[in-house]
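Welcome! Take a moment to look over the sequence and the model below, and then we can walk through some of the details together.

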Amino acid sequence: QVQLVESGGGLVQPGGSLRLSCAASGITFRSYTMSWYRQAPGKEREVVVSITSAGSATTYADSGKGRFTNSRDNAKNMVFLQMNSLNSEDTAVYYCNAGWYYSGNKVYDYWGQGTQVTVSS
C-alpha cells in the first residue's frame, strides 16, 4: 500500500519559514519524481516544485523561485520543501506527489493527504 504522509504545516507569520516533509512508503522511492503541489482556497491545484529521481530540482511557481527549495533523502524515503519569506499568497494546502514516468508519460501517480500552511499575522 502506497502512503505519502506530509508534515510540517501550520501557522506562520509573514516573512517566516516552514519546512514541509513527506515520508513515502510502498514505492521504490528512488525511482520516483517527487513534487509538491498546493491548492489555495478557490483556486486550482498547482505544482510548486519537483525533484527527479536523479535529483534534478525544478521550481515551477514563479512566486516560489528564490524562496522555495526542495530536496530528497533517498535513504529515508523522504522529500522536503523549505519555504522562506512566506507571504499570505502562500497560504494553501500543500500536497506531496510521487510520480513514475515511462517515455515521458506519468504512469503512476500518488498523493498525500495534504498539510495546511497558513501565513497570517
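A polar contact is a pair of N or O atoms within 3.5 Å; within protein, one must be able to donate a hydrogen and the other to accept it, and residues adjacent in sequence count only if both atoms are side-chain atoms. Keep that in mind for the arginine discussed below.

## About the model

This is a predicted model, in which local features need pLDDT of at least 70 and side-chain atom pairs count only at pLDDT 80 or more, while totals for chains, interfaces and linings use all residues. Residues are numbered from 1 along each chain as its sequence is written, and side-chain values use heavy atoms, with hydrogens and water left out.

Arg 67 sits in the loop between strand E6 (57–59) and strand E7 (68–73); strands are DSSP runs of at least two residues, numbered from the N terminus. With a relative accessible area of 13%, Arg 67 is buried (buried means under 20% relative accessible area, exposed over 50%, partly exposed in between, with a 1.4 Å probe and protein chains only).

Its side chain reaches the backbone oxygen of Ser 85 at 2.9 Å. Beyond residues up to four places away in sequence, Arg 67 touches several others, including Met 83, Asn 87 and Asp 90; here contact means heavy atoms within 4.5 Å.

Arg 38 meets Glu 46 at 2.8 Å, N to O, and Asp 90 at 3.0 Å. Arg 38 lies in strand E4 and Asp 90 in the loop between E8 and E9, so this pair ties together parts that are 52 residues apart in sequence. Both Arg 38 and Asp 90 are buried, whereas Glu 46 is partly exposed at 33%.

## The nonpolar core

In soluble globular proteins, nonpolar side chains tend to be buried together. In this model, the largest nonpolar core has 26 residues, and Trp 36, Phe 68, Leu 81 and Tyr 94 are among those with the most contacts inside it. Such a core is a set of buried Ala, Val, Leu, Ile, Met, Phe, Trp, Tyr and Cys residues joined through side-chain atoms within 4.5 Å.

Leaving aside neighbours within four places in sequence, the contacts of Leu 81 include Leu 20, Trp 36, Val 49, Phe 68 and Tyr 94.

How values were computed. Helix = DSSP H or I, 4+ residues; strand = E, 2+ residues; numbered from the N terminus. Salt bridge = Lys/Arg side-chain N within 4 Å of Asp/Glu carboxyl O.
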